[in-house]
Amino acid sequence: MNTEQPTKENYFNWLKLSKEMEDFYKDTPLLEKLNNQKKLNPNTKPHIVFSDYDWTFKREGMLEETNINQELADQAMVPTIIVSGRNRRELLRHIIKDGFKLPEAISSSVGTELWILKKTLTKDQEKEILKEENLDQVLDLYEADPGYEKNLISKGYDKKSVLEKSRKMLDKIYKNHPNWNLGFQPNQEMVNDNGETIDLNTLKVSFNFYLPEDEKDESEFQEKVASEVARFFPEVKIIVCSDDFIGEKPGKKVRFNLDLLPVGKDYVVKYMREHFGTEGLVAGDSGNDLEMLLYSGAPASVLVGGSKPEAVSVVNKNIPEFREGRRVQRFELEDGTTGLIYVGNESELGPIGLRNASRFFSKFKAMRDRQRS
Ligand SMILES: [Mg+2]
């Protein structure tokens, strides 16, 4: 019998991380959980839950369901990475306001950033610190992964030039389609206590637009706007999703977000797999989650109940034989990629869909392995 106690060092040997990454990650709650999984099941890849925040991880009026999920993930030693369209500051503000435990990592601004929780808080410390007035202190508990942003900048995304081209694009599109009301999203910057302007999304430029009254199909309209924008930005990733805004003015009732980015939300799933040998359950509900759900190569994807029409329609389009009554469906993409997705029904809203799907995790993997052999 092997009586050697696995240690963090063992796990690092297994991972072969760079010295910089090793130093950065060695005492993080994320690595501790992965290491604990590895101790129990040395031959299994450790798991991570990658979840969108709004309407997936958390849904208004269902906060207790999220608390239960966090408790279950803790017991299973599975870390959570929240992958959100919100910037880091806004995301953490919501997590505190909603009263949740801090996730082991957050990938904010649509997966273009990766922030790692650097220390485990005791229950008492959590009570003390997790208050909205301590937001700056909570932000300091997270540090940026040392390689993530560098990798993305090396992909050639130059925010300054994207911004310059954006202004020209907005002028031209406004001339042809004034009723789209396409414009920059507000609040992409903030002024700090020293009077300095801080960019809240270093690798993202975002816009809003609105559904005109003569457009009947939301998903089709979103695609139309995206392809118009793509003419100006052939080299940048364009992600569109609906927003939760309900406006007052006629013709401005349905609002959408459009982001210009170097990568989509799938990138963080791939990054963790490459560096930590992890497998994940990925969950989402809207257009900016599709990349993660369909292209990340995760063994298990979850489209939670109550998802946005743009996400439901794309997922459905890629399921060649929808099997009625079956939760787990097989999808097949145009490039031949196949995968499995749990499609939550209307009683499996947000966090309940996520929980129900996680029960299928081992089944998912067995099904996938069968497909591959
Ligand atoms: Mg969402």
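The questions and answers below go through a predicted model of a protein chain.

Local features are reported only at pLDDT of at least 70 and side-chain atom pairs only at pLDDT 80 or more, while totals for chains, interfaces and linings use all residues. Residues are numbered from 1 along each chain as its sequence is written.

User: How many Å separate the centres of domain 1 and domain 2?
Analyst: Domain 1 covers 16–151 + 264–372, and domain 2 covers 159–261. These bounds come from an automatic or database domain assignment. Taken over C-alpha atoms, the centres are separated by 26 Å.

User: Which helix gives the most to the side of domain 1 that touches domain 2?
Analyst: In the contact between the domains, 14 residues of domain 1 meet 15 residues of domain 2 (contact: C-beta atoms, placed from the backbone, within 7 Å). Helix H6 (108–111) and helix H14 (309–317) each supply at least two residues of that side of domain 1; helices (H or I, at least four residues) and strands (E, at least two) are DSSP runs, numbered from the N terminus. With 3 residues, the most is given by H14.

User: Are Glu 310, Ala 311 and Val 315 of H14 buried or exposed?
Analyst: A residue is buried if 20 or more other C-beta atoms, placed from the backbone, lie within 10 Å of its own, exposed if 12 or fewer, and partly exposed in between. The three residues cover an arc of only 125° around the axis, so they lie on the same side of H14; the arc is that of the directions from the helix axis to the C-beta atoms. Glu 310, Ala 311 and Val 315 are buried.

User: Why does Phe 57 count as buried?
Analyst: Phe 57 sits in the loop between strand S1 (47–51) and helix H4 (63–75). Leaving out residues up to four places away in sequence, Phe 57 touches Ser 51, Asp 52, Thr 66, Ile 82, Pro 351 and Leu 354. Phe 57 counts as buried because its C-beta neighbours inside 10 Å number 28.

User: Which are the edge strands of the open sheet of 9 strands?
Analyst: The sheet has mixed pairing and the order S5-S4-S3-S2-S1-S12-S13-S15-S14; two strands pair if DSSP finds at least two bridges between them. Within the sheet, S3 (residues 105–107) and S4 (residues 115–117) pair in the antiparallel sense over 2 bridges. An edge strand pairs on one side only, and the edge strands are S5 (142–144) and S14 (328–332).

Notes. Two residues are in contact if their C-beta atoms, placed from the backbone, lie within 7 Å.
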